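These are my notebook entries on one structure, written down in the order in which I looked things up. The structure itself comes first.

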Amino acid sequence: MTTALDDTASVGGARRLAPGKPAEFGEGITLAVLVLFVTLICGLPMALLFKVGLTGPAGIDLAPLAEAMANRSVQTALWNSLESSVLSALLAVILGALLALAVGLTDVRAKGPLVFCLLLPMMIPPHVIAIAWIQAMGPGSPLLKPLGLAPEMGETPGIYSVTGLVSLLALQHAPLVFLILRAALRALPRELADAARVCGAGGPRVLLRITLPLIAPSLLASFMLAFVAALGNFGINALLGIPARYTTLPVLMWRRLASFGPDVLPNVAVISVVLAVVTLLAVGLQSLLQRRLRASLIGLPQAPLAYALGRARLPLEMALWGFIAVTLALPFAALVATALVPTYGLALTPATLTLDNFAEVLWRQGVTLRAFANSTLTAAAAAALIAAVAIGLGHLMVHRTGRTRQLAGLASAQADIAFAVPGLVVSIAFILAFLKPLPGLGLSLYGTLWIILLAYVAVFLSVGLKPVTAAYLQMDRSLEDAARVAGAGYLKRVRRIFAPLVAPAAASGAILVFLTAYNEVTVSALLWSSGTETIGTTIFNYEDSGATTLAAAMSTVVVLATVAVMVAMNGLARHVPAGSIPWRD
């Protein structure tokens with residue numbers, strides 16, 4: 001007790017932690033372990049990637065980078081990446097903004113189910129979205145064929161084009177824009193709009209003169225996030241871009257490494273540096289412009305805006321549900337229909353209906369069984385590990401000051417960078433870091449599930465850390481003071497007080513991590529090998545090799561599993577900080 005009291009100081013009648021005191025033994029060990037772990041899996045691989053790409057035996061050497069930039073294939077891929085990312089981000093912002101204004105400013109009914117359906121594409125892997133649209137627009141489309149609108153067999157469907165690729169990227173990222181803008185609209189004080197309306201301003205004028213200027217930083221953030229997401233997208237770019245001969249940087253990296261193996265690793269590392277630099281410049285530009293455009297809003301939390309639409313409400317509701325039917329229900333109906341016929345191209349009738357494709361992927365195919373087991377194991381382990389790291393790191397970031405907080409913040413910044421850069425770049429960095437045997441152990445992680453697991457932790461740590469940090473910010477620090485005065489050591493305080501209190505937020509983040517890692521293909525596309533297949537790579541390989549019905553069946557299972565997990569997450573909604581579950585207020 002004496003030691004505990006010595007570490008506190010009386011402030012206003014209450015005993016507070018004395019500033020400048022050295023960290024406790026358990027706290028210091030925890031900080032060192034967490035910072036070292038995050039640095040090893042996030043900072044070190046990225047540093048190694050830049051070292052390989054930008055240095056030579058004599059120090060900094062930009063010759064390989066200049067040589068790569070002079071290559072015509074790289075120039076074309078870089079231009080294609082920038083073109084498709086800018087165009088798709090613009091479309092995504094327009095689409096997402098219209099949806100956010102319709103749902104966030106009006107009195108349309110059933111907003112909960114509407115938001116859930118509008119955000120569902122964001123939780124489904126891009127390659128599954130691409131396969132669903134390929135089925136819906138292809139010559140064997142079970143929906144277009146009866147209408148006589150499907151392309152003829154042998155004819156290249158229109159979706160295999162730049163327009164198709166850009167449109168699909170925009171549809172994939174519009175929910176992200178919708179999510180950001182809806183949150184911004186909910187934060188607007190009602191007084192501004194109400195005052196303008198009292199002065200005689202109509203709805204369009206209020207929108208143009210007040211609402212849009214105030215949410216301009218969010219519009220900019222939405223565009224940049226959609227741009228970065230499109231820049232690193234692999235599934236849509238590969239499945240639609242390769243047949244259209246429209247190669248982007250992620251696809252170029254994948255094709256070179258898949259064709260020539262680790263021998264071309266230095267060359268691919270240079271291309272990765274180009275992609276990483278473009279991404280980090282975009283993120284930096286977003287932060288800079290957001291700070292310049294930020295406007296301070298003063299006002300107490302209020303009920304969200306909900307202007308009465310009158311007779312226009314029903315047409316708007318029909319338009320919103322029609323949009324969901326066309327962009328969500330139609331492609332997935334085609335996906336299910338393809339999974340239920342024995343051969344791609346057959347019409348779905350009672351005579352052709354079969355469940356053989358589902359039986360094949362769920363019980364007979366060894367590769368799919370391994371993929372389900374591998375993805376479940378790695379995603380669950382990554383989610384649990386991230387939750388544990390987030391509980392410790394979040395506490396040190398929020399409830400500490402000085403050097404402890406700076407070091408914890410440094411670890412968090414490394415996790416943010418690993419999350420921001422494209423997954424393929426992280427994969428290249430991991431191959432560079434873990435291809436050779438580990439010092440002292442003589443074992444190489446390359447080609448094992450361990451490297452996929454660690455890559456998942458590196459990429460998704462930021463996702464799991466955010467809700468836990470928000471929970472710590474809402475926690476009264478006097479809890480720790482009381483426990484400390486009562487003699488509880490650091491580890492006991494974490495185990496008995498903080499961990500139980502932030503457990504719902506950690507669980508929410510862990511489920512989001514599991515949901516994302518379970519289906520992903522971008523990170524594992526370059527890290528898998530025979531025996532370590534994941535669900536994402538198996539679906540991609542099925543579609544790439546022409547086993548369309550099996551790819552459709554496996555994609556259908558993935559979509560149903562995703563929806564089931566999202567519904568289950570609603571059970572946590574009352575126990576986690578606002579914003580932890582994307583589709584809940």
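**Entry 1**

I began with arginine 245, which I found in the loop between helix 11 (235-241) and helix 12, where helices are DSSP runs of H or I of at least four residues, numbered from the N terminus. I note that this is a predicted model, in which local features need pLDDT of at least 70 and side-chain atom pairs count only at pLDDT 80 or more, while totals for chains, interfaces and linings use all residues. Residues are numbered from 1 along each chain as its sequence is written, and side-chain values use heavy atoms, with hydrogens and water left out.

The phi of arginine 245 is positive, about 55°, although the residue is not a glycine. Most residues other than glycine have a negative phi, which is why I wrote this one down. Arginine 245 counts as exposed because its relative accessible area is 79%; the cut-offs are under 20% for buried, over 50% for exposed and in between for partly exposed, with a 1.4 Å probe and protein chains only.

I then looked up alanine 110, another residue other than glycine with a positive phi, near 55°. Alanine 110 sits in the loop between helix 4 and helix 5, and at 41% relative accessibility it counts as partly exposed.

**Entry 2: helix 12**

**Entry 3: the largest nonpolar core**

Leu249 came up again when I turned to the largest nonpolar core, which has 168 residues; Leu249 is among those with the most contacts inside it, together with Leu49, Phe234, Phe332, Ile428 and Phe430. Helix 19 (residues 449-473) gives the most to this core, with 16 residues. Domain 1 (25-60 + 354-556) and domain 2 (71-295 + 307-328) both contribute residues, so the core lies between them. For reference, a nonpolar core is a set of buried Ala, Val, Leu, Ile, Met, Phe, Trp, Tyr and Cys residues joined through side-chain atoms within 4.5 Å, and the domain bounds come from an automatic or database domain assignment.

**Entry 4: salt bridges**

How many salt bridges does the structure hold? I noted six, a salt bridge being a side-chain nitrogen of Lys or Arg within 4 Å of a carboxyl oxygen of Asp or Glu.

The side chains of aspartate 107 and arginine 313 meet in one of them, at 3.7 Å from N to O. This pair links distant parts of the chain, 206 residues apart, with aspartate 107 in the loop between helix 4 (72-104) and helix 5 (111-123) and arginine 313 in helix 14 (residues 313-339). Arginine 313 is partly exposed, with a relative accessible area of 23%.

Glutamate 317 and arginine 109 form a salt bridge at 2.7 Å, N to O. Since glutamate 317 lies in helix 14 and arginine 109 in the loop between helix 4 and helix 5, the pair ties together parts that are 208 residues apart in sequence. Glutamate 317 is buried at 9% relative accessible area, whereas arginine 109 is partly exposed at 44%. I recorded Asp107, Arg109, Arg313 and Glu317 as linked in a network of salt bridges.

Arginine 370 forms a salt bridge with glutamate 533, with 3.1 Å between the closest N and O atoms. Here too distant parts of the chain are linked, 163 residues apart: arginine 370 is in helix 16 (residues 366-398), and glutamate 533 is in the loop between helix 21 (490-519) and helix 22 (535-544). Arginine 370 is partly exposed at 36%, while glutamate 533 is buried at 6%.

**Entry 5: two buried residues**

Arginine 493 has its place in helix 21 and counts as buried because its relative accessible area is 0%. Its C-alpha atom is separated by 6.8 Å from that of alanine 483, 10 residues apart along the chain.

Methionine 475 is in the loop between helix 19 and helix 20 (478-485) and is buried, at 11% relative accessibility.
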